[in-house]
Amino acid sequence: MPCPALPDGFDFTDPDVLHQRVPLPEFAELRRAEPVHWVPQQPGVAGFEDDGYWAVTRHSDVKYVSTHPELFSSFLNTAVIRFNEHIQREQIEVQRLIMLNMDPPEHTRVRQIVQRGFTPRAIRSLEDALRARAASIVANALAGAAPDGTFDFVTQVACELPLQAIAELIGVPQEDRVKIFDWSNKMVAYDDPEYAITEEIGAESATELISYAMNMAADRKQCPAKDIVSTLVAAEDQGNLASDEFGFFVLLLAVAGNETTRNAITHGMHALLTHPDQWDLYKSRRPRTTAEEIVRWATPVVAFQRTATQDTDLGGQRIRKGDRVGIFYSSANHDPEVFERPEVFDITRDPNPHLGFGGGGPHFCLGKSLATLEIDLIFNAIADAMPDLRLAGDPRRLRSAWLNGVKELRVAHG
């Protein structure tokens, strides 16, 4: 294969890259020329004392890495591909307590417990309440708009339903949802200077969230109720979560179930408003395939990482034991070997084997059904109440190493 024509020193995890755009042309070049490509880094720049990572860009290779945890570990260096350069190794290692960063068999044990909260029945039981909340969120956004009809879609609409869904799912009082939003923002915003969030502030926010959840768990152990917390921590027959395990589970929900869905909704709204034919189609037909295409198009988590547990071959390259391997979902979701015209936003796309919820395997997103339900409900509510919605500014992107995030999206109605 010819060498890929990338700029010297180009690093897909450089926060300045995602601050501007998702590097789709560079991903396409790698898929063409060298689909498993070594990206050098200065030791310590990503929080790891090594020389870089392998960028895996083809759909088939991302799936392979995802479905072979015995070869590619989430535990050894966690699934986060880049931390702040000032992070200490012990701060990385403590994150192994989060299910995202576990390997089987411990991951299997924890997942079997927490998936009780994500059964089809459990998700269906939330639908009516979340439909009402979606309608209320849109109504409040309309009522709170400026005199010229403008408002920020991110804070007024996109962030609200994921927060309320989590509150509904685990019984967090609605009045506490702002705390969850604030803590989760601080945990992932350390690369964005606008937020002036240090690693210490992020760690403090994580501690506060975990403590809050642990107190909830302790209360339910004493006085079980008919809610998911009691199911997870007070069950006696099939094992349960310790209070600290429940705390780390809620921390994962706050990021994986909040940040990601919020950004999918924001990118979805931007895509619909910049593709007016698709917005008109959605308003008239409400295709059930819309949510999956929004997730493919947005791919809120650009990449996670794994660490090789032994020497192995992948995509024509020799991966050495201990090498970090970046699995780039954004690239996989634009792979023309899998998707016809992947550059086209098509809400009727079917089939749609995107990897926006992971590449399969043990870490496939537990909350997929809840996320797609939220996306369906909020866009139905928007189409009903704000069919004339239009853009009032360009999206302001989050500076991040691995999240395709938007901080602000001004829209207008009327």
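This is a predicted model: local features need pLDDT of at least 70, side-chain atom pairs count only at pLDDT 80 or more; totals for chains, interfaces and linings use all residues.
Next I checked the largest nonpolar core, which has 129 residues. Phe153 is among the members that touch the most others, along with Phe12, Phe246, Ile378, Phe379 and Ile382.

I followed α12 to the second largest pocket. That pocket holds about 350 Å³ of space. Two elements, α12 and α14 (290-298), each give two or more residues to its lining. The largest share, four residues, comes from α12. I counted 17 lining residues in the second largest pocket. Nearest its centre lie His267, His270, Trp297, Arg397 and Asn404. By class, I noted seven nonpolar, eight polar and two charged residues in the lining.

I turned to α14. Is this helix largely enclosed or open? Eight of its nine residues are buried, so α14 is largely enclosed by the rest of the structure. I listed the buried ones: Thr290, Ala291, Glu292, Glu293, Ile294, Val295, Arg296 and Ala298. I noted that the buried set includes Glu292, Glu293 and Arg296. What do the buried residues of α14 pack against? I found α12, α13 (276-285) and α16 (368-385).

Thr299 follows α14, and its phi is positive, near 40 degrees.

How values were computed:
Residues are numbered from 1 along each chain as its sequence is written. Side-chain values use heavy atoms; hydrogens and water are left out. A nonpolar core is a set of buried Ala, Val, Leu, Ile, Met, Phe, Trp, Tyr and Cys residues joined through side-chain atoms within 4.5 Å. Buried means under 20% relative accessible area, exposed over 50%, partly exposed in between (1.4 Å probe, protein chains only). On a 1 Å grid over the protein atoms alone, a cavity is a set of points where a 1.4 Å probe fits but cannot get out, and a pocket is an open set with protein on both sides within 12 Å along at least five of seven lines; lining residues have an atom within 4 Å of a point. Grid points are joined across faces, edges and corners, and a volume is the space filled by probe spheres set on the points. Ala, Val, Leu, Ile, Met, Phe, Trp, Tyr, Cys and Pro count as nonpolar, Asp, Glu, Lys and Arg as charged, and the others, Gly among them, as polar. Contact means heavy atoms within 4.5 Å.
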